[in-house]
Amino acid sequence: MEKGKLIPTRDGFGDEIVELGRNNKDIVVLDVDIGKSCKTKKFSSTLPEQHINVGIAEQNAAGVAAGLATTGKIPFVVTYAVFGSLRMCEQIRQEICYPNLNVKFACSHGGVTPANDGASHQAIEDMGVLRTIPNMSVIMPADYVSARKLCKAAAETYGPMFLRFTRDAVPVIYDESQEFEIGKAIQLRDGKDVAIIANGDTVRLAISAAEVLAGEGISARILDMHTIKPLDNEAVDACIREIGKIVTVEDHNIINGLGSAVCERVAEAGCGVVRRIGIQDQFGMSAPYERLLAINGITVDNIVAQAKSIC
């Protein structure tokens, strides 16, 4: 995949799940009647015996997935992020995480990427809610390549997992050769003055901000924290110890998301300063994706300003 090409991360999932299903007949996709949007049409047509559409019944999908997991299957429940977290939260907690079953939730339309669909479809609380549930891993890839690699890693790793993808296109960042491990951040750039920790669709903004800062003589370390649970504590600790100044960037409520997870680590270390950039404590609205980001200060200019304020 050519670097810089604009493509939604949901496309990476859609392509990878077909390959995974071909190679492992235990993988089953559970749709809730939005396969076209969530990119599972190719899977359902290629591997119909490994596909179930339960209809618009998210809570039922979680229960069916739990049952399949007890038989040794590896179910991927596929829906929008807002429904794959909040709508079925009780079932995820009681039926999947409590017995620690091997169920994956592969959810498109994360953050404000649903844009004009409005607040009802914009998942800004999902990762924060799910990271508080024991046994659950929470992952958001930054581009098409990492979406494919992390989907494969999830399929090969036991346990409940929530993978969050974008509806809107984002640029390809990684080479196909890049390896990914759940719970291990990718350092995209080293620096000594400030650390910028981002995930998902905001990693591209962090990279651009680092370039602007470099032009002003400020050296920024960039981390793609694709897994917010389990958090890569070693990578965060290194930022605290070696730099002490951190900016977090996320397309998620600043409460209980990536920024909160990093702040918890900084508080326990007893040193360091953090500036959180993300969705403010407010619901979204119907507007173009980039405008929604700008309304919440999720921009290159604000990342640069926040970094400079603590340097």
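**Exercise 1. Determine whether Cys38 is buried or exposed, and explain why the structure holds zero disulfides at this residue.**

Step 1. Cys38 has a relative accessible area of 1% and is therefore buried (buried means under 20% relative accessible area, exposed over 50%, partly exposed in between, with a 1.4 Å probe and protein chains only). The model is a predicted one, in which local features need pLDDT of at least 70 and side-chain atom pairs count only at pLDDT 80 or more, while totals for chains, interfaces and linings use all residues. Residues are numbered from 1 along each chain as its sequence is written, and side-chain values use heavy atoms, with hydrogens and water left out.

Step 2. A disulfide is a covalent bond between the sulfur atoms of two cysteines; the criterion applied is a pair of cysteine sulfur atoms within 2.5 Å.

Step 3. The closest cysteine sulfur to that of Cys38 belongs to Cys107 and is 7.5 Å away, which is too far for a bond.

Step 4. Cys263 is likewise in no disulfide, the nearest cysteine sulfur being that of Cys239 at 13 Å. Cys263 counts as partly exposed, at 26% relative accessibility. The structure holds zero disulfides.

**Exercise 2. Describe the surroundings of Thr227.**

Step 1. Thr227 is located in strand E12 (residues 227–229); helices (H or I, at least four residues) and strands (E, at least two) are DSSP runs, numbered from the N terminus.

Step 2. With a relative accessible area of 1%, Thr227 is buried.

Step 3. Leaving aside residues up to four places away in sequence, Thr227 touches Val138, Ile139, Ile182 and Gly183 (contact means heavy atoms within 4.5 Å).

Step 4. For Gly183, the backbone nitrogen lies 3.1 Å from a polar atom of the Thr227 side chain.

**Exercise 3. State the strand order of the five-stranded open sheet and locate its edges.**

Step 1. The order is E9-E11-E10-E13-E14, with mixed pairing (two strands pair if DSSP finds at least two bridges between them).

Step 2. Strand E9 (186–189) and strand E14 (273–279) are the edge strands, each pairing on one side only.

Step 3. Strands E10 (residues 194–198) and E13 (residues 245–253) run parallel and are joined by four bridges. Within E13, Val249 is the bridge partner of Ala198.

Step 4. Helix H10 (residues 233–242) lies across E10, strand E11 (220–224) and E13, at about 165 degrees to E11 (axes are lines fitted to C-alpha atoms, for helices over the stretch in contact, and angles run from 0 to 180 degrees between N-to-C directions).

Definitions and conventions. Polar contact = N/O pair within 3.5 Å; in protein donor to acceptor, adjacent residues only side chain to side chain.
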